[in-house]
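Subject: Handover of a structure

Dear colleague,

Please find below the structure that I am handing over to you. My notes on what was found in it follow.

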Amino acid sequence: MQTSKLVKPIKQEDTKAMIRKNSDKLYSKAKDLFPGGVNSPVRAFRSVKGDPIFIDRGDGCHIYDVDGNEYIDFCCSWGPLILGHNHRGVRDSIVAALDKGTSFGAPTQLENELGDLIISNNRFIEKIRFTSSGTEAVMSAVRVARGYSSKNKILKFEGCYHGHLDALLVNAGSGLVTLGTSSSAGIPEAYVNETLVAPLNNKEAIEQAIAEHGHDLACIIIEPIPANNGLLVQDFEYLNFLRKITKDNDILLIFDEVISGFRVGFEGAAGLYNIQPDIITYGKIIGGGLPVGAYGASKEIMSCVAPDGPVYQAGTLSGNPVAMSSGKATLEQCLKLNFYKDLEEKTAFFIEKVTEGIPAASGFHMQQAGSIFWLTFSSNRVTKADEIDSAKMNFFKELYSYILENGVYMGPSGYEVGFVSEAHTIEDLTKSAKIINTGLKQVLDLH
Ligand SMILES: Cc1ncc(COP(=O)(O)O)c(C=O)c1O
C-alpha cells in the first residue's frame, strides 16, 4: 500500500524513535521458523510500517517489549484481557490450578464452576460446551445448527469474521446476496457453495436469501456487534428483524459473541439488545487470557451434541482446568457491581479526549460499543463493510507509527478495534488520548 498523498506525514522531530534491537533480532529468527515470522497473520505488521515488536511482559494496562520499551496497551491480546495484564486474582487462580496438574482429559470441578457461573448469570443459554478457541466454538455451532435443522446452507455477513473455519472464510460476490467465494486458498469450492454472503444492515438481502434458499438454510450467523472489520454497530431494529425472520422461517440464528460476549455486558450483545438467539458462541474473555471458547444454547438444541445426540464434537484440551480457572477468576470480576458501566464511561471519556478539537467534518470520528472503540476515518457512522474507504487506511498507517513510537500500542491494522480494560486508569487514558490526538491532528492536517 502506498501512503496516500492526502495523508500528512508526521514531522520526524515529533516522533521519538524507540530502540528495538532485541525485537529485530527475534523477528529475524522468527522469520526462519514461522510463516511471516508469526503464528497469526495480523501480528506481522503488514498493514502498518515497521516490524512486529516482541513483548516481554505485561502488567495492568502496560506492556513492555524485549528492549524495555513501555506501551499503554489497547489491544489487550485482541480482547480477552478485560481486567488488564497479569491481574493478581487471575494469576493466583491459575497458579492454584497449576499446583494440581495441567490436564487430565477427565472432568474436573472447575468445568462445573465456570459452566455454572456463566449459565446462572446468563438468561440466553441453558447448556454450554467448552472448546479451546473461538474458531472451534463457531465451527461446532454451525455443525449443531446443521445437525439440528437437517439443512445445509448457512448465511454470513460481509464484514463479519468468525474464525478460520473453511465454511466461513468466504467473501461476497457481486450480487446483493451471493454464494461465497473463498477468501483463502485450500478451501474446496463445494464448501463455500454452501455459504451465502449478505451485506450487513440490509433487510432486502435477507428476504431475498430466504425466498431463494430458506428451505435449505440451517442458520444465519452474525457478530451482533461486528468488531472485526472496524466496529460496524448495527441497530436494534435490524437485529430484531433478523430474529423475527429466522424464527418465522425455521432458520437458526447464531450470535457469534467471541468478542462481544462478556465484553459489552456479562450477557454480551444478547443481553444488551435483549434478543434471544438460538446458539451463542464465546471466546476471548471467557478464558481470561488462556485458550477457551464455548457455544451454548437451549437444552433442546444442546441435546443434539455428542454423546447425548448425533452431532460429534470433541477436544483433548476442552475444559482444561488451568484455562477454566483463568476464565472463572476473570468472569467473577466481571460480575462486580457497575463493572460494565465503569468500563463504558471510561471508554466514552477516552473517546472524548482523543477527538478533542477534531470535528467529524474533518473525516474522523470514533465508534464505540461498551469498552470497544474504533478509530473511524470517516465523517459518518459506518455500519457496512463497503462503507469503509480502504484508501483511508493510509491515515491509520501514518498515525500508527507515531503512537507506537510514543508508547501507545494497538492492533496493527486500521480495521482492528481497540479495547479498554479495567486496568486503564483515567491517567493512562488521558495520556494516551493526548498522544493519539496530537498524531491525528497532524495526519488530518488540522494545525
Ligand atoms: C467474532 C469472532 N469469532 C470467532 C473468532 C475466532 O476466534 P479464535 O481466534 O479464538 O479462533 C474471532 C477471533 O477474533 C472473532 O472475533
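**Asp 256 and its surroundings**

Leaving aside its neighbours within four places in sequence, Asp 256 is in contact with Val 138, His 162, Ile 221, Ile 222, Glu 223 and Thr 281. Please keep in mind throughout that this is a predicted model. Asp 256 belongs to strand S11, which covers residues 252-256.

**The ligand**

There are 15 residues around the ligand, and those that come nearest are Ser 133, Gly 134, Thr 135, Gly 163 and Val 258. Which helix gives the largest share of this shell? It is helix H4, residues 134-149, with three residues.

The domain assignment divides the protein chain into domain 1, made of 12-86 + 338-443, and domain 2, which is 104-319. Their C-alpha centres are 27 Å apart. Where the two domains meet, 22 residues of domain 1 are in contact with 23 residues of domain 2. On the side of domain 1 that touches domain 2, the elements giving two or more residues are strand S14 (365-369) and strand S15 (372-376). S15 contributes the most to that side, namely three residues. The residues of this side of domain 1 comprise 13 nonpolar, seven polar and two charged.

**The sheet that contains S14 and S15**

S14 and S15 are also part of an open sheet of three strands, in the order S14-S15-S17, with antiparallel pairing. Which strands stand at the edges of this sheet? They are S14 and strand S17 (418-419); each has a single partner strand, so one side of each is left without a neighbour in the sheet. In general, the strands of a sheet pair through backbone hydrogen bonds, in either a parallel or an antiparallel manner. Here, S14 and S15 run antiparallel and are joined by five bridges. Within this part of the sheet, Gln 367 stands opposite Trp 374 in S15. Helix H11 (residues 339-354) packs on the sheet and touches S14 and S15, and its direction makes about 175 degrees with that of S14.

**Backbone features in the loops**

- Ala 306 and Pro 307 are joined by a cis peptide bond, with omega about 10 degrees. Pro 307 is found in the loop between helix H9 (299-302) and helix H10 (321-334). Although Pro 307 is 51 residues from Asp 256 along the chain, the separation of their C-alpha atoms is 24 Å.
- Cys 76 is not a glycine, yet it has a positive phi of about 50 degrees. Cys 76 lies in the loop between strand S3 (70-73) and helix H2 (88-98). It is buried, because 28 other C-beta atoms lie within 10 Å.
- Asn 201, which is not a glycine either, has a positive phi of about 55 degrees. The loop that holds Asn 201 runs between strand S9 (195-198) and helix H6 (203-213). Asn 201 counts as buried because it has 20 C-beta neighbours inside 10 Å.

Yours sincerely

Note on methods: Residues numbered from 1 in each chain as written. Predicted model: local features only at pLDDT ≥ 70, side-chain atom pairs only at ≥ 80, totals over all residues. Near = placed C-beta within 6 Å. Helix = DSSP H or I, 4+ residues; strand = E, 2+ residues; numbered from the N terminus. Domains from an automatic or database assignment. Contact = placed C-beta atoms within 7 Å. Nonpolar A, V, L, I, M, F, W, Y, C, P; charged D, E, K, R; others polar. Buried ≥ 20, exposed ≤ 12 C-beta atoms within 10 Å, placed from the backbone. Pairing = 2+ DSSP bridges. Axes fitted to C-alpha atoms, helices over the stretch in contact; angles between N-to-C directions.
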